Amino acid sequence: MDFLTLIQVLDSTVRLATPLLLACLAGLFSERSGIIDIGLEGKMLAAAFFSAAIAYVSGSVWMGLLAGIAASMAFSFIHGLASITFRGNQLISGVALNFLASGVTVLIAQDWFGQGGRTPSLLAGGRFEPITLPFAEALRDVPVLGPLYYELISGHTILVYVAFLMVPLTWWVLFQTRFGLRLRAVGEAPEAVDTAGVSVVGLRFAAIVIAGVLCGLAGSYLSTGLQAGFVREMTAGRGYIALAALIFAKWRPWYALWACLLFGLLQAVALRYQNIDLGAFVIPVQVMDALPYILTVVILAGFVGRAIPPRAGGEPYVKER
Amino acid sequence: MTDIQAAPAAAPAEADVQPAIELRGISKSFGPVQANKDISIRVMPGTIHGIIGENGAGKSTLMSILYGFYKADAGEIFVAGKRTEIPDSQAAIAAGIGMVFQHFKLVQNFTVLENVVLGAEDGQMLKPSLAKARKSLTRLAEEYELNVDPDALIEHLSVGHQQRVEILKALYREADILILDEPTGVLTPAEADHLFRILDNLRREGKTIIFITHKLREIMEITDTVSVMRRGQMTATVKTAETSPEELAELMVGRKVLLRVDKEKAAPKQKVLEVENLRVVDDKGVERLRGVSLEVRAGEILGIAGVAGNGQSELLAVLGGIMEGEGHVRVNGAELPLSGRHADGQSRRRRGIGHVPEDRQHEGLIMEFQAWENVAFGYHHDPRYQLNPLLMNNAAIREDTAGKMERFDVRPPDPGLHARNFSGGNQQKIVVAREIERNPDVLLVGQPTRGVDIGAIEFIHQQIIRLRDEGKAVLLVSVELDEIFSLSDRIAVMFDGRIMGERLPEETDERELGLLMAGISEEPDQPEWQAVDEQLDRKEAQAAGSDPAGGE
């Protein structure tokens, strides 16, 4: 494998890791507050559809982005209503949202565009364009560092940079601010937060809203950044992969970055090398495509060491008698 | 126990001093249960005011109302003479009220500092808040002997130190009135002594303390005034100096009670239960039993004393077939399998081991099942319970249950009632009846009277002694030293997965057992609370060392 191929695979890793990373951080905020969010998938899907649809109709990708975030937040709000306000089962609520998103996106897409549950392809203006960072052209011919800068670091859409900046930001919020302290506490011991005179419900809704925004970004990126338009089930299990990455990352932002990059790399390799010829036999493309999902199963089955989830995760908070 | 005298700092003439707290006509019900009924109470500033009552008398509910955790259905609260609404904990904190709950409200994987600051931060950013808290923690530690390492993780702290963190939390919020709910339940006697010293210091600084307990001895030792609650009502408020434990017990229960159990001297015979070098490692890889050896003879009660979490639960679990272990256990000379397919509760029962588990609501009963179904559990293979090889004879089980309920005075005697609808004492009687009436050779009993009212305690104690007198071996685990003393024929003390020593009840006292419970087997050359403290510090340092703190 030559240097340029490596750079290209890594470049594609960064693109593919972006939606995972945003969704993973969304899950991180939610689960750190004690709300299990299996509905990441559904929220992303809804955001992907509405951002593409509105971007197509309005011709503005920014309108699309807003619509995507709004759709994801609406889903988040339903999840919050069911699992925080009415103390329902968080898994069931999340699964229901996933089904809802899967059906509703195709239904509306068919009704609006009549193209078999997809949106028309987005033209320029309707999608995010790559940003060329300063000096990228000038430095392009510098050996090693040039292509690294030009191919790998420069030339992504704004959402990619946002996603990667979210990592230090999340760390900062979580570990340096009052809100972060309370958020971590409410996922571990809501009764401690309650007796300290802070609202458990308020904190959890705040976390859910943040998760909604991040999922909205993730979904919008899928349909207006990574690809040019919405197709049915285009999230393809990325929400679940993000959850696996979250467990792999032990609910920590920096680890989440590396976990998502790992999954992104697997996807990138699968894209690049369709059939790997080992001489004696050929590894078919299906095996490569399945790799991220296999890794997900391995991680969820607990083969990567003990991950201790936030203690109050999944439990609706009820004052004890 | 200590030289602390229950004397108010400067007893002011009550007439011209406003009460620190006054409750008027507080009522609260949970559905059909009236937890508090028209309760009025005045607590004078700078005093320690005890509230005593049985489990379920409504003490904790009353205090939770005062702390804004529940809302009263009726009644008024006055703080320092001013009528105050306390709709939530924030309001209670603002009114200068702090509360130390029975079950601590701490975030386990946070540091002491973070727990203290949580909810009382000084701004959006953490760093300045933490720095400020660190300073004030140092000051509080000096002022009140409340030493805790501010950077230690809560999960590495002993229970006694966790409790100090709770007190520090309240003091950091500048509470003038401190409510402690059953604070000594989890402490060794020496730790309790230290707590009383702290409370004494606080009283001297003019703080007001409300001290909730069901232990008469503590009331007599530390309080200035005591209020007695029974079935949701306040039955009396008296000066501690002018009352006696017997009088208080009668006020609590509503009739005369025996505070001591009557029993003959034991006549132990052959060895029934022999445990040799028993080891258990839990699923986190922590060694819970580190080579426990003991024996129980026919016709005697061996009491295991110790602070909760020192391996007693694991000992019962292994003997009862709930957990796997290594070592040797013999019943009537025959070896028991400690792991594998035959190490389960069913096989243990077949070998003549009855088990009254520590946690009756999770291990002893299924709360959502009816009493007769619960009576069949573990004994559902009993031929008397079978109609034919396929069907069970439910009528026979019901009838059997009705008989047990009558003999063990379970109220109401209705086999069709769900377990959760019985009071704690009656639930426990069902479990005890199920196990004792099987006539086991060995009875394992864990915390037989936890959360059980005094009347039922008397009865359960009598039943355990009756079984002993019939020549059975009884292994009793209890964190209540009083219970250990009144039932046991021999006492073994557990600490950190080991038996620290064995004593005869007539040749030892609470002080000696208290030191053993803290892992100190030699007479210390410093004040005992200090020795215990240092021992705990060593244990915590070990815990922190073996499990590096997970920051971010």
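**Domains and a helix pair in chain B**

Mentor: In this predicted model, the domain assignment of chain B, automatic or from a database, gives domain 1 (18-104 + 159-253) and domain 2 (271-521). Local features need pLDDT of at least 70, side-chain atom pairs count only at pLDDT 80 or more, and totals for chains, interfaces and linings use all residues. Residues are numbered from 1 along each chain as its sequence is written, with chains lettered from A and ligands numbered from 1 in the order in which they are written.

Trainee: How many residues does each domain of chain B give to the contact?

Mentor: Domain 1 of chain B gives nine and domain 2 of chain B gives 16, contact meaning C-beta atoms, placed from the backbone, within 7 Å. On the domain 1 side, α6 (189-204) and α8 (245-253) of chain B each give two or more residues. The domain centres, over C-alpha atoms, are 33 Å apart.

Trainee: Why is α4(B) called roughly perpendicular to α5(B)?

Mentor: Helix α4 (residues 126-144) of chain B packs against helix α5 (residues 159-172) of chain B at about 110°, the axes being 11 Å apart. Axes are lines fitted to C-alpha atoms, for helices over the stretch in contact, and angles run from 0 to 180 degrees between N-to-C directions. Angles of 65 to 115 degrees count as roughly perpendicular, so α4(B) is roughly perpendicular to α5(B).

Trainee: Which residues of α4(B) and α5(B) meet?

Mentor: Ala133(B), Ser136(B), Leu137(B) and Leu140(B) in α4(B) meet Leu168(B), Leu171(B) and Tyr172(B) in α5(B).

Conventions
Contact = placed C-beta atoms within 7 Å. Helix = DSSP H or I, 4+ residues; strand = E, 2+ residues; numbered from the N terminus. Parallel < 35°, antiparallel > 145°, perpendicular 65-115°, else oblique.
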